[in-house]
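Work through the exercises below with the model open beside you. Try each task before reading its solution.

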Amino acid sequence: MLGIVPSATLLGVDGHAVTVEVHVTDGLPAFTVVGLPDASCREVRDRARAAIECSRLRWPLRRVTVNLAPPTVRKVGSGLDLAVAMALLVADGQLEAPALEGRAFLGELGLDGRIRPVTGTVCLTEALGDAALVLPEESVEEARLVGGRRLHPVASLAQVVACARGEEPWPEPGPPRPAAVPPPPPDLADVRGQPMARYALEVAAAGGHHLLMLGPPGAGKTMLASRLPSLLPPLSDREALEATRIHSAGGFGLPAGGLVRVPPFRAPHHGASSVALIGGGTSLMRPGEISAATHGVLFLDELAEFAPHVLDALRQPLEEHQVRVARAAATVTFPARFLLVAAMNPCPCGHGGQPGGCRCTEGARLRYQRRLSGPLLDRFDLRVEVQRPTPDDLFTAAPGEASAPVAARVLEARARAAQRGVRCNAELSARRLDEVGPLDDAATDLLLDALRAGRLSARGLHRVRRVARTVADLDGAPHELGIRHVALALNLRVDAPGTLPVQAAAG
Amino acid sequence: MTADDLAALVALAGLPGMGPRRLRALVDRRPPSEAWVLATAGHPGRLRLALRTGDDVTTLAGAWSAAARGVDPAARLAAHEAAGVSVHPHPEVVGGAPSPGADATDGPEVETMYPSGLVDDPDPPAVLFAQGSLEALDGPCVAVVGTRRCTGTGGGMARELGRELAAAGVRVVSGLALGIDGAAHRGALDALTGDPGAAPPIGVVGSGLDVPYPSRHRDLWAAVAGSGILLSEAPLGLRPAAWRFPARNRLIAALAHVVVVVESHAVGGSLHTVHEAIQRDVEVMAVPGSVRNPAAAGTNQLLAEGATPVRDVEDVLMALGLQRGRRRSRAERRPPPTATAASVLDAFDWEPATFEHLAVRTGLDLPELAVALEQLVAGGWVLAEGGWYERRVSA
């Protein structure tokens with residue numbers, strides 16, 4: 001009469017345990033799913049019927065009620081198919097209830113009874129506690145990352161039923177696949193010349209400072225940005241699991257070996273919608289690109305081509321390191337702790353950085369600059385001009401420093417930041433700055449001059465001091481900030497287009 | 001010519017798409033009040049004859065008759081008087097055919113102070129609007145023109161030329177645009193603040209005299225009108241249109257005795273001024289720039305084609321036949337603060353450079369270079385703007 005089977009569903013990046021209850025009784029043949037299922041979830045009826053019949057089992061021509069508890073959580077997708085089919089078979093008397101005791105089921109049914117993988121296996125496994133988990137063969141590697149529970153990888157409904165009837169032993173997972181060595185991220189040694197741009201990458205990696213690269217087309221901004229993951233420290237176990245959960249839940253794909261160990265590098269195209277970037281969607285509540293970039297790099301090429309409202313949606317996650325997406329159905333919180341790297345041309349023709357180099361009309365420049373809001377530009381601690389390398393650099397210059405020694409310096413600088421109690425210097429509060437980064441006299445004078453001359457705003461002051469702290473860490477000066485560090489920090493934060501006086505020369 | 005004729009001329013000049021050639025054709029041997037009726041009647045056939053064109057003027061006739069609806073020429077003229085803008089018709093328009101039925105006692109004769117340099121121009125404006133003192137036009141005139149998007153060096157050079165030309169009694173005529181034009185006028189105004197005997201500036205603009213364009217130069221317009229003169233072919237209220245800028249450039253070339261191009265891209269409005277100057281046999285001079293500076297590509301091309309180079313104001317004065325005293329030395333007198341700073345300064349080559357360019361050229365450690373640059377900026381040796389540095393011309 002009644003079958004009860006535990007399973008789980010996904011909301012955002014969190015798994016929620018779901019109890020699937022199926023009641024079969026006499027009456028007109030019917031099949032009702034209750035308990036806040038969405039459309040894809042309600043389709044279970046057609047898949048389960050075909051799968052049951054194809055597996056030489058009997059579809060009950062009776063009144064069937066499926067309840068997905070708790071009814072307050074929205075159930076999305078086809079991951080509950082297998083659990084519904086099993087509970088149905090129990091309720092119809094084709095299986096004994098004790099045979100399923102202590103086992104949870106995950107998987108989508110194919111019409112021929114095969115069992116297909118579901119997205120978000122990592123999060124779903126976590127939600128299911130220590131019950132033994134029957135799941136698709138393809139999902140075993142993901143589920144194994146969570147650890148601490150028995151896993152039974154299965155291929156078809158017929159196999160599951162045979163196991164439940166004791167005709168076959170429950171299958172055990174094979175030995176873990178040897179972790180394939182992921183291809184190394186692109187190396188900094190490929191970059192010729194461009195000492196300032198390289199240094200900006202090093203500072204961004206060491207201090208967690210967001211970086212904006214300005215320069216004409218063909219200056220190698222994209223190439224530089226893609227080298228950043230090779231400079232960042234590898235993810236810790238906790239970070240790796242968090243990143244893996246997001247990638248699993250969002251269906252972004254996991255690397256060979258399962259865990260996301262290398263800092264992710266996400267580069268969405270500038271046509272991205274705000275939902276694609278931030279996350280959400282009406283029913284699925286999928287994490288967006290900024291969450292996929294958690295503990296890694298979010299690279300926005302052609303920053304000014306993004307829709308302005310999409311960019312402004314980044315401001316809150318940049319401050320809070322997470323994003324709350326509220327919809328009528330649910331509110332979910334996605335982690336979003338990423339290093340933002342952006343690249344843009346200074347103006348539509350691309351040559352406007354250089355005095356006298358621009359071919360744009362005044363109006364075109366102003367329209368271009370108005371696309372970026374001041375508050376967003378202000379979030380970039382590092383703003384550097386990137387120029388095309390000269391032919392000499394490309395052909396004759398010795399190859400630049402490789403990523404490994406730079407990454408070692410970055411790791412050292414991050415260790416210094418950890419001693420100060422923050423993950424990286426970008427998170428230092430203004431009050432802590434006085435403590436951990438006092439300025440010597442010459443440095444104070446330099447900053448005062450810059451403030452008086454209007455080259456630096458009061459808001460920019462703290463950002464420059466944070467960057468100077470990182471510069472000093474990389475320079476091996478653990479305590480006082482000298483004029484060397486402050487002067488270089490000032491040069492790492494040039495006026496962004498929106499803040500530029502459009503005509504400085506004639507005044 | 002009667003006050004009615006003058007009012008009609010003002011109204012005619014304000015019609016949409018009314019360029020100097022059309023206006024001249026309309027008022028040639030025809031009193032302006034009659035031309036006003038003809039232009040706004042909406043008869044394409046008669047209009048085509050009057051404009052002496054083979055083109056289809058149906059749209060134009062419609063646009064003009066629509067634009068003329070509700071326009072009171074006399075009120076227009078009165079508005080100009082009230083705003084302190086004087087109206088100067090071309091002497092041939094003044095002396096043209098009288099209105100039918102009008103005699104000498106009918107109204108006051110119109111006085112015109114049309115600039116003598118424009119009377120015999122091949123393409124003279126039929127009417128000019130002026131604000132400021134007309135005496136400003138008497139004397140040697142040098143046009144200082146160039147690109148709107150100039151380098152700091154170019155802007156500095158234009159300002160220096162403007163100041164020293166004005167101090168030497170030479171009127172600086174320019175277009176009040178962003179960049180070189182505005183810098184030249186600011187230089188001329190600088191000279192006037194130090195020495196009231198300096199020459200007044202002349203601004204020639206493409207929009208109505210009450211429509212400052214670019215609006216950022218509102219203060220500059222007022223200053224030029226206050227101490228010199230502003231000229232326009234457009235009556236009050238007319239917005240700038242793209243075709244008016246080349247027309248404005250021809251007036252600058254026509255008023256000047258020498259045209260100096262300070263910085264120009266390979267293609268640009270200042271090269272149009274040069275073209276107009278060549279047609280009028282006005283000498284063209286150009287300031288040489290670095291071959292790697294895109295804002296000097298046009299000027300360097302002019303030099304290659306035979307323009308006279310301008311190294312400083314003495315070269316311009318020589319071309320005007322006003323050569324005075326000795327050329328002063330340009331050499332920097334102050335020694336740079338440190339040896340490192342000196343090597344950074346040498347790495348500039350007088351063209352804009354980024355931090356990275358300088359790092360590659362000097363081979364210095366990044367923090368060391370940063371400190372040296374900060375010293376140079378603080379000492380006024382170097383100009384910093386948006387990640388770019390420029391060596392400054394010593395003042």
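**Exercise 1: Accessibility in a ring pair**

B:Phe245 has 23% relative accessibility, so it counts as partly exposed. The class lies between buried (under 20% relative accessible area) and exposed (over 50%), with a 1.4 Å probe and protein chains only. This is a predicted model: local features need pLDDT of at least 70, side-chain atom pairs count only at pLDDT 80 or more, and totals for chains, interfaces and linings use all residues. Residues are numbered from 1 along each chain as its sequence is written, chains are lettered from A and ligands numbered from 1 in the order written, and side-chain values use heavy atoms, without hydrogens and water.

Task: classify B:Tyr213 by its relative accessibility.

Solution. B:Tyr213 has 42% relative accessibility, so it is partly exposed.

**Exercise 2: Stacked pair**

Task: how many aromatic pairs does a search of the whole structure find over all chains? Then classify the pair of A:Phe31 and A:Trp59.

Solution.
1. The search finds three aromatic pairs.
2. The ring centres of A:Phe31 and A:Trp59 are 5.5 Å apart and the planes meet at 25°, so the pair is stacked. Rings of Phe, Tyr and Trp (its six-membered ring) pair with centres within 6.5 Å; planes under 30 degrees apart are stacked, over 60 edge-to-face, the rest tilted.
3. Both A:Phe31 and A:Trp59 are buried.

**Exercise 3: Tilted pair**

Task: what is the plane angle between B:Tyr213 and B:Phe245?

Solution. The planes stand at 45°, with 5.7 Å centre to centre. The pair is tilted.
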